[in-house]
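Hello,

Here is the structure I promised to hand over. Please open it first; my notes on what was found follow.

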Amino acid sequence: MDRRLQVFAGNSNLALAEEIVALLEIPLGKALVTTFKNGETRVRLEENVRGSDVFVLQSTCSPVDHNLIELLIMIDALRRASANRITAVVPYYGYAKQEKKTAGREPISAKLVANLIHTAGADRVLTVDLHAPAIEGFFDIPVDHLRASPLLASYFQGLGVEDIVVVSPDAGGVGRANEFRERFGASLAIIAKQRPEPDVAEVLEMVGDVAGKTAIIIDDMISTGGTLVEATEVLMERGAREVYAAATHPILAADAPQLLRQSVMREVVVTNTVPVAPEMRDSKIKVLTIAPLLAEAIMRIHKDLSLSALFT
Ligand code: R5P
């Protein structure tokens, strides 16, 4: 039986949800997603979902806990309303940096979030560039883990920049940077970074030749912007001709937009997995839309088709 496709969204990234449903040529599912006066999240689905193949879109960006709870409560409502299959579409998966203990007596919050999404009633998860790919294994339901690298790479190919060195701003990002590098046949440089305290980045060392080259730093997210700013300084000191940055998730916490603007970086290219206010977008901060990738993935999942073509 051909099940009906429906897409609902929490409040975290309605603009992205609207773009996705426009591409799918379906209306956004009607739902009340608001708060009671006591601060609790209130959800009511305003259309029938019985027997449907439902996708619920929510990035767990700031306000992280609120957005997470909206997602969980929406999944619960969909399950109780007899949706046939529920896919949690989480373009940005918050708590992903807490995927292991770094000291004793710490939680593994990324695993807890996975448990919550599963327990709420999700049958599958669709996400983009998890901070740590191992998080996929925290779920006992299917996870489709998309990459923004084809989108980011095609932007740079369009710019026509030459003599590129792709830079991983930390040891954890080497796999991602290497995959990105292969798309250009570029060379690779690796920065070793340390965090003397949370949200503070310090460059320890850099391996690779960047002199006279266009450096593209590739990262999964920009939070305080410290990692990119520090990396840019080192790259310029070592003789890079110019520095670009590409990252999937623009968290842009605190005064990150200001820091990025003050830096000598040529351009910072991000996607809209996390919404970026119009006043933050300018010639320095460029936002590419991830909507076509997510819309295509949703359609393929709905039709039980392979997603492999989306990784090339
Ligand atoms: C590594 O920890 C991540 O891949 C990013 O490099 C990091 O989250 C960026 O954070 P910030 O912008 O605060 O330096």
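The largest pocket has a volume of about 1,300 Å³. A pocket here is an open set of points on a 1 Å grid over the protein atoms alone, with protein on both sides within 12 Å along at least five of seven lines; lining residues have an atom within 4 Å of a point. Grid points are joined across faces, edges and corners, and the volume is the space filled by probe spheres set on them. The lining counts 45 residues, and Lys-97, Gln-98, His-131, Arg-195 and Met-221 are closest to the centre.

This is a predicted model: local features need pLDDT of at least 70, side-chain atom pairs count only at pLDDT 80 or more, and totals for chains, interfaces and linings use all residues. Residues are numbered from 1 along each chain as its sequence is written, and side-chain values use heavy atoms, with hydrogens and water left out.

Back to the pocket. Its lining takes at least two residues each from α5 (174-182), β9 (187-194), β11 and α6. β11 gives the most, with four. By class, the lining has 15 nonpolar, 16 polar and 14 charged residues. Ala, Val, Leu, Ile, Met, Phe, Trp, Tyr, Cys and Pro count as nonpolar, Asp, Glu, Lys and Arg as charged, and the others, Gly among them, as polar. Helices (H or I, at least four residues) and strands (E, at least two) are DSSP runs, numbered from the N terminus.

Where is the ligand? It sits in the largest pocket, a label that requires more than half of its atoms to lie within 2 Å of the pocket's grid points. Two elements give two or more residues to the shell around the ligand: β11 (214-222) and α6 (226-237). β11 again gives the most, with four residues. The shell holds 14 residues, and Lys-97, Asp-219, Asp-220, Thr-224 and Thr-227 come nearest. Two shell residues are nonpolar, six polar and six charged.

Now the polar contacts (pairs of N or O atoms within 3.5 Å). The side chain of Asp-219 has an N or O atom 2.5 Å from a ligand oxygen. For Lys-193 the corresponding distance is 3.2 Å. A polar side-chain atom of Thr-224 lies 2.6 Å from an oxygen of the ligand. Alone, the ligand exposes 380 Å², and the protein buries 94% of that (Shrake-Rupley method, 1.4 Å probe).

There is also one cavity of 30 Å³ or more in the whole structure. In a cavity, a 1.4 Å probe fits but cannot get out. The largest cavity holds about 30 Å³ of space. Its lining is Tyr-92, Tyr-93, Ala-96, Val-128, Asp-129, Leu-130, His-131, Met-221 and His-249. Six of these are nonpolar, two polar and one charged.

Two backbone points remain. The Ser-62 to Pro-63 peptide bond is cis, with omega near -5 degrees. Pro-63 is in the loop between β4 (53-57) and α2 (64-80). Glu-25 is not a glycine, yet has a positive phi of about 60 degrees. Glu-25 lies in the loop between α1 (14-24) and β2 (31-35).

Best regards

Terms used:
Near = heavy atom within 4 Å. Polar contact = N/O pair within 3.5 Å; in protein donor to acceptor, adjacent residues only side chain to side chain.
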